[in-house]
Amino acid sequence: MVMVTKVPPRPARRPHRAHGALRVLLASGVAATSLVVAPGTARAEDDKAGGTTLTVAVSQSIDSLSPFLAQKLTSTSIHRLAYEYLTNYDPKDARTIPGLATEWKPSPDKLTWTYTIRGDSYWSDGTQATAEDAAWTFTKMMTDPNAATANGSFTANFEKVTAPDPQTLVIKLKKPQATMTALDVPIVPKHVWEKVGDFSKFNNDRQFPVVGNGPFVITDYKVDQYVKLKPNRKFWRGAPKFDELVFKYYKDGDAAVAALQKGEVSFVPNLTPAQADALKTQKNIKVNDAPGRRFFALATNPGARSRDGRTFGNGHKALLDPAVRKALFLAVDRTTLVDKVFQGHAVEGEGYIPPRFGSYFWKPDGDQVRRYDPEEAAKVLDAAGYRKNGEGKRVGKDGRPLDFRILCHATDPNDKAVGKYLQEWWGELGIGLKVECLDSVSDPWTKGDYDLAFDGWSVNPDPDYVLSIHTCGALPATPKDSGATDNFICDKEFDGLYAQQAVEYDTAKRADLVKRMQSRLYDTGYMNVMAYPNALEAYRTDQIASITTMPEAAGNLWGQDGYWSWWSAVPAAPGSGGSGSGGSSTGVIAGIGAVVVVAVGLGVVLGLRRRSTADDRE
Amino acid sequence: MTSSTTSATPAPEPLEPPPAVPGSVRKPLSAASLARQRRKASAVRFWKQYRTHRAGLYGLAGLVLIALLALAAPLLVGADVQSVTAAPGTALESPSTEFPLGTDQFGRSLLGLLIWGARISLLVGLLAAALSVAIGTLVGIVAGHYGGWFSTVVMRITDWFLVMPALVLAIVLATVMSRSMWTVVLAIGVTSWPTTARLVRAQTIAVESRPYIERATALGGGHRHVMTRHVLPNVMPLVLAQTTLGISTAILTEATLAFLGLGDPTVVSWGGMLQDAREAGAVSSGHWWYLAPPGIAIALVALAFTLCGRAVESVLNPKLGVGR
């Protein structure tokens with residue numbers, strides 16, 4: 001699970017651009033056709049609906065529509081829209097604000113939390129949402145391991161959850177828990193879900209509309225084609241303004257951008273710098289370039305092990321030496337990566353938590369910081385006994401050369417690009433690097449069969465989850481299991497601090513503990529944050545008049561902690577702005593041109609071959 | 001068929017002694033020098049006939065030019081051209097005098113990359129075609145020679161590979177194996193051999209029905225002797241033509257696999273350049289100069305190999321007639 005790193009907002013994994021061979025076929029062939037064919041059909045659909053439709057281009061597949069199983073970013077974002085959580089985050093500054101609960105109060109010993117559930121939240125089938133639904137949801141997650149797949153970390157410490165009356169929810173804890181006002185768990189209607197048998201198999205995608213109490217109701221879903229939602233007119237915070245919200249699949253980024261240029265979709269996330277630059281100059285399109293909530297890191301295998309003390313995997317032994325890890329990172333020029341790979345659409349990496357979360361943000365200073373200094377890196381390696389041999393390769397005392405592998409996501413252009421830079425920087429140090437790009441990295445990752453890996457997670461306003469994945473407790477139980485661990489890190493000092501912050505209710509003290517944890521993590525050299533990539537996204541201003549970013553000043557729209565963007569989006573008045581742009585056509589023409597060139601080449605070859613067989617027949 | 005007369009290798013039929021040149025050395029020529037002479041003569045004859053195919057000459061000229069460019073790439077552009085840390089330009093520049101074809105997203109010169117990429121594209125094409133033809137020849141000769149149920153089984157396997165969409169199979173292979181140039185070579189080679197196998201088997205059966213094979217067997221030639229000394233030389237012309245034609249297919253497949261992101265991301269190839277262009281969003285942002293040159297280069301090389309292959313085929317197989 002989790003491991004798949006490269007991503008994920010809390011439980012949600014980062015949108016992978018696509019999947020394997022299939023995508024590839026889609027990307028090549030289908031993309032080309034969709035450019036041409038799709039606009040007409042889309043418009044026809046709009047006419048039929050008669051209302052305003054907000055179409056969002058997505059690429060990541062839905063893992064499950066069941067809130068108990070969903071972990072990917074697309075799925076969890078949709079659950080944010082369809083179900084209320086106990087609390088929500090303010091779009092301005094991400095502080096906790098009321099959701100399904102209007103207020104909450106801990107007991108003096110902080111072990112009993114009492115939530116008041118609002119009386120004006122209704123399920124889309126008309127029944128009122130009560131504390132009983134919330135109690136049932138949490139109790140189910142505590143008693144059925146299959147229901148704890150996605151969000152089990154929140155309820156692991158719960159002792160008992162009760163609903164003494166429809167407006168009161170009482171949660172009893174075994175130990176204090178700092179995340180009690182940040183329980184990111186969708187509350188489901190008991191009267192619908194108690195009929196479900198096996199939670200590990202139920203994907204909530206058979207009966208539409210799906211009963212929920214969020215701002216939108218899921219009305220239709222076709223795997224890798226679309227997810228359709230209608231506004232919940234009775235939503236307590238006020239109904240959304242659009243008449244329909246559609247998440248439409250584009251497995252190819254360029255196809256999604258072309259659709260945006262044609263006005264077929266209203267919003268496209270995850271742009272490349274070139275796409276963003278080209279879109280910036282176009283009429284009726286606004287590009288949103290906001291600090292992201294993700295970090296992009298270089299993880300080193302600390303020697304994969306399980307809780308029963310056994311080690312496994314084939315990570316390079318030299319990486320167990322702190323000097324090697326230090327030297328590797330000393331030879332990474334983060335400024336160049338931000339300038340060249342992200343072309344300025346990222347912030348240079350420092351601590352573990354992105355600067356956007358100001359109260360928890362930490363950065364190394366003084367002697368602790370590992371600045372780009374290849375000469376220092378060489379000295380560190382020399383001092384540690386890794387000297388260059390005749391061929392200029394560094395060799396350990398055991399005679400084994402420093403030849404590392406790095407796991408990269410084949411679907412992520414940034415991984416490959418950074419891999420190229422690392423190869424050259426480390427090559428000069430005398431360290432070999434093999435970039436192993438896979439469509440799915442989770443297999444070697446869970447087996448511990450890697451030396452280094454590109455890693456990245458989206459961070460929530462409450463950092464508990466992204467910190468918990470580096471504790472010993474998150475290690476797999478046995479080498480055969482998979483744990484919540486990200487990178488098999490198990491460090492006593494880090495764990496001690498984690499336990500302290502988990503029970504610390506004083507925000508300032510907790511922030512201080514979280515910073516010390518980051519400092520410790522930085523010193524171990526297991527997680528080296530290279531950059532915090534920006535959210536690069538674009539929307540059509542002639543379809544969306546206004547939309548709320550999070551945080552309100554310079555925030556992102558896709559993958560927010562909350563439903564703010566789509567809930568707040570206001571449709572543009574009809575006739576505002578012109579029709580689809582013409583500027584895009586050059587790009588499309590160029591693309592088609594390239595396809596034609598290859599096709600002609602193929603045609604010539606095939607033609608000649610056909611002729612040859614024709615001759616044979618003569 | 002025709003092969004025994006045009007073959008560049010020792011012909012199986014007993015040859016008449018070479019016409020003695022009056023006044024020349026008395027000493028009978030050794031077998032080796034006889035063979036050398038004969039080879040030289042047949043090479044000259046081959047070239048004379050090849051010259052009559054104008055399209056073949058164009059193809060050959062194109063190939064020689066591209067091969068020279070690829071071989072001279074270290075001198076022309078240098079290995080530094082693929083270096084991202086020493087890239088001279090900024091990201092995605094338009095064509096200029098400094099960068100005639102513009103730059104890629106790392107600021108590297110696209111013209112340099114195009115020349116450098118020719119090395120991998122040609123190398124993979126050649127190796128993959130050679131591997132494919134080698135497998136095909138082996139399977140074809142063995143199946144044709146032994147015959148019987150063995151042949152049936154082998155040919156059914158061949159048929160299975162033949163009806164299997166080669167690209168899909170190659171994608172599967174390239175996905176499950178680690179990303180490297182050799183994986184691509186293997187994936188293409190392993191999927192494209194069945195046509196050669198069928199052709200070679202037919203030729204093997206034709207050759208083996210001739211009386212001299214019977215004579216060879218009667219004189220004590222074993223399976224191995226017959227296959228390597230008599231059958232193989234006779235199927236060589238067919239194999240040669242098949243290889244030349246196979247290279248263009250292999251280059252196209254290599255480009256396709258690299259474009260689909262299944263090649264080695266750390267080496268520069270034409271298909272890889274197209275994939276990089278797609279990942280950088282060059283299509284939607286209108287950077288046509290990133291996409292067009294590698295595409296045109298692939299088409300040209302594939303065309304050149306096909307033209308050569310066709311010419312070689314018609315020289316070696318007179319049944320295909322002249323005048324084309």
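pLDDT is the predictor's confidence in each residue, from 0 to 100. Keep that score in mind here, since this is a predicted model: local features need pLDDT of at least 70, side-chain atom pairs count only at pLDDT 80 or more, and totals for chains, interfaces and linings use all residues. Residues are numbered from 1 along each chain as its sequence is written, while chains are lettered from A and ligands numbered from 1 in the order in which they are written. For chain B the mean pLDDT is 85, with 89% of its residues at 70 or more. The model as a whole scores ipTM 0.74 and pTM 0.77.

**Confidence**

- Chain A averages a pLDDT of 83, and 85% of the residues score at least 70.
- Residues 1-49 of chain A stay under 50 in pLDDT, and the model gives this stretch 109 contacts beyond four places in sequence; two residues are in contact if their C-beta atoms, placed from the backbone, lie within 7 Å.
- In chain B, residues 1-17 stay under 50 too, with 30 contacts beyond four places in sequence.
- Helices (H or I, at least four residues) and strands (E, at least two) are DSSP runs, numbered from the N terminus.

**Chain A overall**

- Chain A has 17 helices and 23 strands.
- Of its 618 residues, 53% are buried; a residue is buried if 20 or more other C-beta atoms lie within 10 Å of its own, exposed if 12 or fewer, and partly exposed in between, with C-beta atoms placed from the backbone.
- Among contacts in chain A with a separation of 6 or more, 71% link residues 24 or more positions apart.

**The six-stranded sheet in chain A**

- Six strands form an open sheet with mixed pairing, in the order β14-β20-β13-β19-β17-β18 (chain A); two strands pair if DSSP finds at least two bridges between them.
- At the edges sit β14 (346-348) and β18 (432-438) of chain A, each pairing on one side only.
- From one strand to the next, the twist averages 30°; axes are lines fitted to C-alpha atoms, for helices over the stretch in contact, and angles run from 0 to 180 degrees between N-to-C directions.
- β14(A) pairs with strand β20 (residues 527-533) of chain A in the antiparallel sense, over three bridges, and V347(A) has Y532(A) as its bridge partner in β20(A).
- β17(A) is mostly covered, with six of its seven residues buried.
- β17(A) and β18(A) run parallel and are joined by seven bridges; R405(A) has K434(A) as its bridge partner in β18(A).
- The chain gets from β17(A) to β18(A) through α11(A), in a right-handed β-α-β crossover: with the strands pointing away from the viewer, the path from the first strand over the helix to the second runs clockwise.
- Two bridges join β17(A) to β19(A), again parallel, and L407(A) has A453(A) as its bridge partner in β19(A).
- Helix α11 (residues 413-429) of chain A lies across β17 (403-409), β18 and β19 (452-458) of chain A, at about 170° to β18(A).

**Core and buried pieces**

- The largest nonpolar core has 241 residues, and A57(A) and I406(A) have the most contacts inside it; such a core is a set of buried Ala, Val, Leu, Ile, Met, Phe, Trp, Tyr and Cys residues joined through C-beta atoms within 7 Å.
- Helix α12 (residues 288-316) of chain B supplies the largest share of this core, 18 residues.
- Beyond its neighbours within four places in sequence, A57(A) touches residues including K248(A), Y250(A), A256(A) and F267(A).
- Helix α2 (residues 73-82) of chain A has ten of its ten residues buried, so it is largely enclosed by the rest of the structure.
- The cover over the buried residues of α2(A) includes β1 (53-58), β8 (216-222), β9 (226-231), β10 (244-249) and α16 (564-568) of chain A.

**A129 in chain B**

- A129(B) sits in helix α4 (residues 110-146) of chain B and counts as buried because it has 28 C-beta neighbours inside 10 Å.
- A129(B) and Q242(B) are 113 residues apart in sequence, yet 8.8 Å apart in space, C-alpha to C-alpha.
- Leaving aside neighbours within four places in sequence, A129(B) is in contact with T243(B), G246(B), I247(B) and A250(B).
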